[in-house]
Amino acid sequence: MMEAKIRADKEKVISKIDDRLYSSFIEHLGRAVYNGIYEPGHETADDMGFRQDVMNQIREMKVPMVRYPGGNFVSGYCWEDGTGDKEKRPKRMELAWSSVETNEVGIDEFQEWAKRAGTEIMMAVNLGTRGAEEAGNLVEYCNSVTDTYYADMRRKNGFEKPFGIHTWCLGNEMDGPWQIGHKTPLEYARAATEAAKIMKWTDDSIELVACGSSHQNMETFGEWEETVLREAYDHIDYLSLHEYFGNPNNDTPGYLGCSLDMASFINKVVAICDKIKAEKKADKDIHLSFDEWNVWFHSQEQDKKIDKWQVAPPLLEDIYNMEDALVVGCLLNTLINHSDRVKIACLAQLVNVIAPIMTETGGKMWLQTIFYPYMYASRYGKGEALAPEVICDAYAAGGKEAIPYVDASVVWNEKERELTVFAVNRNLKDSVRLELDLTGFKGLKPIEHKVLNHEDLKASNSPDEPEKITPKEGSGVQDSVVTLEPHSYNMLRFFAE
Ligand code: AHR
């Protein structure tokens with residue numbers, strides 16, 4: 001058996017974790033909204049047509065915030081289409097995903113869904129085909145108490161009280177040639193700055209996220225961030241990062257190391273933010289919003305065969321296997337271990353579209369493998385991230401020289417007096433005898449050890465076998481030692497006096 005050790009000290013804190021680190025994303029894409037969260041004819045539909053089986057699951061997961069309405073979708077969206085009398089709403093050609101948008105759901109409905117699901121909204125504005133004026137109008141519609149046109153329009157639509165949306169995205173992936181209204185770094189930097197000014201003049205309590213790069217291999221990565229920060233620094237609070245991971249060449253050891261790429265992307269963006277901070281002699285830090293991350297590659301071929309111009313086509317319906325869940329566990333550890341600078345992160349997405357929660361139209365809901373590490377992090381990863389020193393062997397794979405066999409994060413929740421260790425064993429053959437050296441805690445008592453594992457790393461859940469891969473009880477901690485099964489995800493929770 002391989003030996004490893006995790007050292008953590010109550011006094012060695014990375015940061016208090018912003019709850020929004022465990023946010024998610026619902027885009028008007030595929031079956032995320034229509035036949036995902038919203039299906040009026042469904043047996044669990046509430047008075048507004050929202051599926052309560054899905055909503056209850058999301059409430060139970062304690063998802064803190066959901067990004068909406070896109071994604072690529074937002075860059076061609078007229079937010080007014082999704083407000084007011086449903087009978088009068090236009091059907092549109094939706095150019096980002098070549099689908100038909102009925103506008104049955106818009107911000108009027110989504111804000112109510114969010115309330116019922118116990119989550120906040122992270123609202124994106126269209127900086128593709130539209131600009132500062134429409135963005136400001138949307139802030140007024142959502143947040144203003146003034147007796148003025150857009151706040152009154154909200155009241156006429158039946159909402160006396162403002163929606164109170166705090167976190168806003170200045171467009172989406174504007175560096176990508178695939179984006180409706182794609183911009184050069186300077187074009188975007190100017191558009192975002194002017195939109196930011198109007199949005200904050202409309203409501204000075206909001207926080208703004210400017211677009212960073214769509215992934216770290218973009219040709220403009222670096223130049224994009226520097227240009228945006230030089231123009232917009234004083235007007236924004238966060239810079240975004242997006243990245244999706246996959247295993248298209250079936251190199252599992254290499255794939256399990258992809259969280260190292262996420263870490264290196266974060267470190268590079270932090271360095272750029274701090275460089276511009278120094279250049280500007282600024283006091284304020286720009287924090288990061290990793291507002292799209294996940295595994296996405298399984299559905300890419302099947303999506304090419306889906307006909308255009310349908311309402312709610314089954315796009316991006318990746319079916320996740322066991323190894324994807326290990327990767328998601330490692331990506332979550334990476335976010336926790338960088339929580340001093342990453343304050344917001346969104347698992348993209350939440351329902352049906354590259355999602356932990358799946359629905360059958362007219363049928364049941366089922367959970368994918370990646371649901372479990374995300375749910376455990378969201379439920380038990382709140383509090384302070386402690387700096388874990390992980391002492392273990394490493395292996396070379398996927399072009400990387402040293403991928404540690406054990407990947408971990410440690411979170412202390414003072415209020416609940418709970419310490420949680422999230423640990424992934426990347427070793428495909430051997431168990432790991434893991435010693436936990438946890439300093440500064442009195443009377444630590446194990447509460448539970450949950451393990452997600454399956455002998456077949458390519459095995460998945462499905463509507464017919466929804467519980468093929470679910471967490472089981474682990475062997476537990478004895479004398480500060482726990483055994484991590486080969487290729488397993490582990491959640492260890494302790495009580496401290
Ligand atoms: O999440 C799916 C898509 O991925 C989003 O619409 C876009 O922002 C990204 O490219």
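This is a short tour of the structure, stop by stop.

**Before you start.** The model is predicted: local features need pLDDT of at least 70, side-chain atom pairs count only at pLDDT 80 or more, and totals for chains, interfaces and linings use all residues. Residues are numbered from 1 along each chain as its sequence is written, and side-chain values use heavy atoms, with hydrogens and water left out.

**Stop 1: the barrel.** Select E3, E4, E7, E8, E9, E10, E11 and E12. These eight strands close into a barrel in that order, with parallel pairing. From one strand to the next the twist averages 30°. Strands (E, at least two residues) and helices (H or I, at least four) are DSSP runs, numbered from the N terminus. Two strands pair if DSSP finds at least two bridges between them.

Zoom in on strand E3 (residues 23-25) and strand E4 (residues 65-68), which pair in the parallel sense over two bridges. Serine 24 has valine 66 of E4 as its bridge partner.

Stop 2: Axes are lines fitted to C-alpha atoms, for helices over the stretch in contact; angles run from 0 to 180 degrees between N-to-C directions.

**Stop 3: H5 against H6.** In H5, select Pro185, Leu186, Tyr188, Ala189, Arg190 and Thr193; they meet Glu223, Trp224, Thr227, Val228, Glu231 and Ala232 in H6. Contact means heavy atoms within 4.5 Å. The residues of this contact divide into seven nonpolar, two polar and three charged. Here Ala, Val, Leu, Ile, Met, Phe, Trp, Tyr, Cys and Pro count as nonpolar, Asp, Glu, Lys and Arg as charged, and the others, Gly among them, as polar.

**Stop 4: H6 against H8.** Glu225, Glu226, Leu229 and Arg230 of H6 make the contact with Ile272, Cys273, Lys275, Ile276 and Glu279 of H8. By class, that is four nonpolar, no polar and five charged residues.

Pick arginine 230, in helix H6 (residues 223-232). Arginine 230 is partly exposed, at a relative accessible area of 34%. The classes are buried under 20%, exposed over 50% and partly exposed in between (1.4 Å probe, protein chains only). Beyond neighbours within four places in sequence, arginine 230 is in contact with Lys275, Ile276, Glu279 and Lys280.

**Stop 5: the cores.** Select Trp113, Trp168 and Leu170, the residues with the most contacts inside the largest nonpolar core, which has 152 residues. Such a core is a set of buried Ala, Val, Leu, Ile, Met, Phe, Trp, Tyr and Cys residues joined through side-chain atoms within 4.5 Å. Helix H10 (residues 322-337) gives the most to this core, with 10 residues. Another core, of 11 residues, lies apart from it and includes Phe25, Met122, Val209 and Cys346.

**Last stop: aspartate 81.** Go to the loop between E4 and strand E5 (92-94), where aspartate 81 is found. Aspartate 81 counts as buried, at 9% relative accessibility. Leaving aside neighbours within four places in sequence, its contacts are Arg89, Pro90, Arg92 and Asn103. Aspartate 81 and asparagine 103 are 6.3 Å apart in space, C-alpha to C-alpha, and 22 residues apart in sequence.
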